[in-house]
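I set out to record what I looked up in this structure. My entries follow the order in which I worked.

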Amino acid sequence: MVSAPVISVRDLGLTFPAKKGAEPIVVLRSISLEIAAGEFVCIVGPSGCGKTTLLNIITGFLKQSAGEVLVQGAPVKGPDPRRIFVFQDNGVFPWLTVEQNIEFGIARRPSAERREIVHRYVQLVGLTGFEKAYPRELSGGMRQRVEIARALAPNPEIIYMDEPFGALDFITRLKMRADLTRIWQEEKKTILFVTHDIEESVQLADRVVILSSRPGSVRKQVRIDLPRPRDLDSPEYLDLRDEILHTIGMSLGVGAGEEESAGLSLERPNRTVAQSS
Ligand SMILES: Nc1ncnc2c1ncn2[C@@H]1O[C@H](COP(=O)(O)OP(=O)(O)O)[C@@H](O)[C@H]1O
Ligand SMILES: [Mg+2]
């Protein structure tokens, strides 16, 4: 890696203590991971493998039981405004307009500066004309755009995203991925993005970290050295996607075609993938 890592996860483990009469639950086991400044990294793995838990530890919302997490060289002690979390849904405040939502994290700046920042991010996420609208007047995709604009406004160094497009319909999701890619290229933030959608990870990331099923550990890391915007039909794209799919399939011990039932998704237009043989 060229520069010093901005996020460094070392031998991380998490076990939830036993409830009465039950075994303790080992959720994460010896996870080591380094993320460079400006890198776009996706974490993929089956439902329940500990992706959200891992993100909650890295962001400081949850304490690990083993190992350490360094962000910008210091151990994580709790949530930090220099790092922002984008949730799947319900992140925006329904009682605030689009511009008030975006302004929320920069309320202490002078008003001229606030106006300028809001204007810039409204434009960047394509919400011009909707500044005075309330979230209930917007589509799901537009609400996620508000959420992204709000995350970017305070100029954080790192953005954490936990399945942020999971609740959107397929076409909107494709559009949001393209937009997020463009925004990331313009803003040069470090993004750590969790998804259970393999296609999504290959479309977005510089590198995909594949977790095994629970207890989650790093099964493999795959570098995605494809130019953006990505050609979803190129043989290189399809090879990388299949490599990830097979790695996850192996770690689950399932045959091809059973991935869907294991909580993974692989959705494409006009194409059937992972057919059972
Ligand atoms: N507070 C908790 N106590 C016990 N088990 C938990 C708790 N939170 C999560 N888990 C378990 O940890 C596992 C990982 O959950 P999660 O991180 O949400 O997975 P993912 O995001 O990959 O779907 C799940 O099996 C879940 O049941
Ligand atoms: Mg999750």
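Predicted model: local features only at pLDDT ≥ 70, side-chain atom pairs only at ≥ 80, totals over all residues.

**Entry 1: a loop and its proline**

I looked up Pro215 and found it in the loop between strand 9 (207–211) and strand 10 (218–223). The peptide bond that joins Arg214 and Pro215 is cis, with omega at about 0 degrees. Arg214 is also one of the residues around ligand 1.

**Entry 2: another cis bond**

I then turned to Arg228 and Pro229, which are joined by a cis peptide bond with an omega of about -5 degrees. Pro229 belongs to the loop between strand 10 and helix 7 (235–252). I reminded myself that most peptide bonds are trans.

Most residues other than glycine have a negative phi. Asn155 sits in the loop between helix 4 and strand 7 (158–162).

**Entry 3: helix 4 and helix 5**

I next examined how helix 4 (residues 140–152) and helix 5 (residues 170–187) are arranged. Their axes come within 11 Å and cross at roughly 15 degrees. Angles under 35 degrees count as roughly parallel, so helix 4 is roughly parallel to helix 5. I recorded the crossing of helix 4 and helix 5 as right-handed.

**Entry 4: the shell around ligand 1**

Which residues are around ligand 1? I listed Phe16, Ile25, Val27, Pro46, Ser47, Gly48, Cys49, Gly50, Lys51, Thr52, Thr53 and Arg214. By class, I noted five nonpolar, five polar and two charged residues in this shell.

I then looked up polar atoms close to the ligand. An oxygen atom of ligand 1 is 2.5 Å from an N or O atom in the side chain of Thr53. For the side chain of Thr52, the distance from an N or O atom to an oxygen atom of ligand 1 is 2.8 Å. At Cys49, a polar backbone atom is 3.3 Å from an oxygen atom of the ligand.

Taken alone, ligand 1 exposes 570 Å², and the protein buries 63% of that. Strand 2 (25–36) and helix 1 (51–58) are the elements that give two or more residues to the shell. Helix 1 supplies the largest share, three residues.

How values were computed:
Residues numbered from 1 in each chain as written. Chains lettered and ligands numbered in written order. Heavy atoms only, no water. Near = heavy atom within 4 Å. Polar contact = N/O pair within 3.5 Å; in protein donor to acceptor, adjacent residues only side chain to side chain. Areas by Shrake-Rupley, 256 points an atom, 1.4 Å probe, with all protein chains shown as cover. Helix = DSSP H or I, 4+ residues; strand = E, 2+ residues; numbered from the N terminus. Nonpolar A, V, L, I, M, F, W, Y, C, P; charged D, E, K, R; others polar. Axes fitted to C-alpha atoms, helices over the stretch in contact; angles between N-to-C directions. Parallel < 35°, antiparallel > 145°, perpendicular 65-115°, else oblique. Left-handed = near helix turned anticlockwise from the far one by under 90°.
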